[in-house]
Amino acid sequence: KKKKKKKRRDRSSSEEAPPKRKSRFSAAPPAGYAPPPPSNEAAQAAQMPDVGKALEMARQLALQKANAGNALSLQGMLGANPEPGKVYRAVVERCQTFGAFCKTEPEGFTGMIHTSEFGIREFRRYEGPQDVEAVVPPGSRVYVLCKEIKDGNKVALSLDGVNQENGTYDITKTKRYQNDNARDKPPPAVGSIHRGAVKRIESYGAFVTLEGFSDGMVHVSQLSRSQRFYDARDIEQAFPLGGPIFVQVVQVKEGNRVELSAQDVDQATGQALPPRHQHQGPRGTLPDVGAVLRGQVKRLEGYGVFVALPPPHNMDGLVHVSRIHPDGARLNDAGDVAQFAPVGAEVYVFVQGYKDGGKLELSMARVDQATGQLKPEMPRPPPMPSHGMIDPYAPSHGMVDPYAQMAQYASAYAQPPGMPPPPGSVPPPPPGSVPPPPGSVPP
């Protein structure tokens with residue numbers, strides 16, 4: 001028999017849902033009810049709080065606060081908060097190109113010393129962390145001044161004006177104070193010699209602090225007569241930061257900008273050196289072209305050497321690298337040049353001529369360096385032929401023009417007597433006859 005299907009009753013939204021059936025176990029315990037104690041140790045351990053989870057939650061909370069910039073407040077729980085204007089003892093932890101990170105002892109807060117706050121003796125351009133580590137090595141202990149607390153509780157520290165021996169702070173020793181007061185100082189007299197300190201080094205020169213006067217700059221070309229500097233590292237090797245330097249005032253420009261020179265002053269004694277006479281002017285007479293003189297090698301370069309001529313000339317000239325070797329051979333670098341013309345050696349030179357601007361050209365290969373006698377000029381090889389510019393068959397080159405020798409070739413290879421002339425050739429005129437005029441038709 002077929003079972004009759006029960007029709008489902010479709011309840012509309014307007015009809016109310018039937019009430020849920022209540023269970024006798026769903027009722028809440030009465031007020032004041034306390035569960036009975038567990039009957040065994042396993043049940044007691046299950047109700048104990050999980051220590052590992054609590055520590056993990058504490059670690060996550062600490063990381064969130066550190067990311068929000070409140071790590072300093074956590075460190076403040078362990079020690080005193082930093083006070084601006086107070087000097088602390090700190091340990092350098094790590095260095096970056098822009099500064100050094102330090103941690104104070106025993107307070108325990110961390111701050112950063114920017115490179116501009118290293119002090120007046122350490123003002124230069126830092127190209128990497130290794131340059132910063134040369135000033136404040138990691139692990140070293142220094143006295144630092146808390147300058148300010150920036151946004152995010154970042155502590156700005158400074159070494160400027162802090163005495164590293166006793167930890168005292170003197171504002172008159174800071175870079176800002178000296179720079180502000182240097183503007184009000186009078187400029188020094190032109191030509192005067194002063195003893196200053198190297199304040200700052202750049203690739204184009206060195207800035208010098210003068211006692212009682214405004215600061216000045218020594219251009220890289222005015223640092224030394226015999227040494228050439230290519231970057232700031234080369235300058236610092238010869239003139240360390242904070243070290244003494246004797247300078248002479250060359251010029252005072254607008255705004256009390258002082259131009260100094262260190263090459264005209266003896267750095268050992270501070271006395272003025274004889275001026276470097278140029279190729280023109282009343283300081284010396286120009287030597288005649290073709291004269292043989294004896295001078296001293298002042299400077300050595302890869303392209304030649306500069307020789308200082310004695311009085312009454314008092315000027316320098318250049319001996320090109322191709323005119324140094326006795327045989328005229330070309331030298332490759334400054335090391336080869338130093339073998340034949342070291343700095344300070346006395347050499348004989350031949351006045352080759354003058355270039356544009358009156359620059360003196362000299363030659364050592366034309367003079368015998370043992371006797372000082374002039375040697376005959378060595379002939380130069382002929383130039384390479386070029387199309388339309390130089391005649392390669394000129395008599396001075398020694399080359400033979402084949403077209404100019406056609407008459408000799410014709411006489412050498414003439415027909416022997418008794419042999420008929422080749423077909424198409426014109427028979428020669430009989431001896432004693434007058435040749436017809438050009439353009440006439442033969443009969």
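**Reading aromatic contacts in a predicted model**

Tutor: At 17% relative accessibility, Phe101 counts as buried, because the cut-off for that word is under 20%; keep in mind as we go on that the model is predicted.

Student: How should I read a pair of aromatic rings?

Tutor: Such a pair is described by two quantities, the distance of the centres and the angle of the planes. In this protein the count comes to 5 aromatic pairs. One of them joins Phe98 and Phe101, with 6.2 Å from centre to centre and 85° between the planes, an edge-to-face arrangement.

Student: Why is the pair of Tyr303 and Phe306 edge-to-face?

Tutor: The planes of Tyr303 and Phe306 stand at 90°, with the ring centres 6.3 Å apart, so the pair is edge-to-face, since planes over 60 degrees apart are placed in that class. Within this pair, Tyr303 is partly exposed at 35% relative accessible area, while Phe306, at 18%, counts as buried.

Student: Which ring has the charged end of Arg89 over it?

Tutor: That ring belongs to Tyr143, and the charged end of Arg89 sits 4.4 Å from its centre. In another case, Arg366 lies over the face of Phe350, at 4.6 Å from the ring centre.

Key: Residues numbered from 1 in each chain as written. Predicted model: local features only at pLDDT ≥ 70, side-chain atom pairs only at ≥ 80, totals over all residues. Heavy atoms only, no water. Phe/Tyr/Trp six-rings, centres within 6.5 Å; stacked < 30°, edge-to-face > 60°. Buried < 20%, exposed > 50% of the residue type's maximum accessible area, 1.4 Å probe, protein only. Lys NZ or Arg CZ within 6 Å of the ring centre and 35° of its normal.
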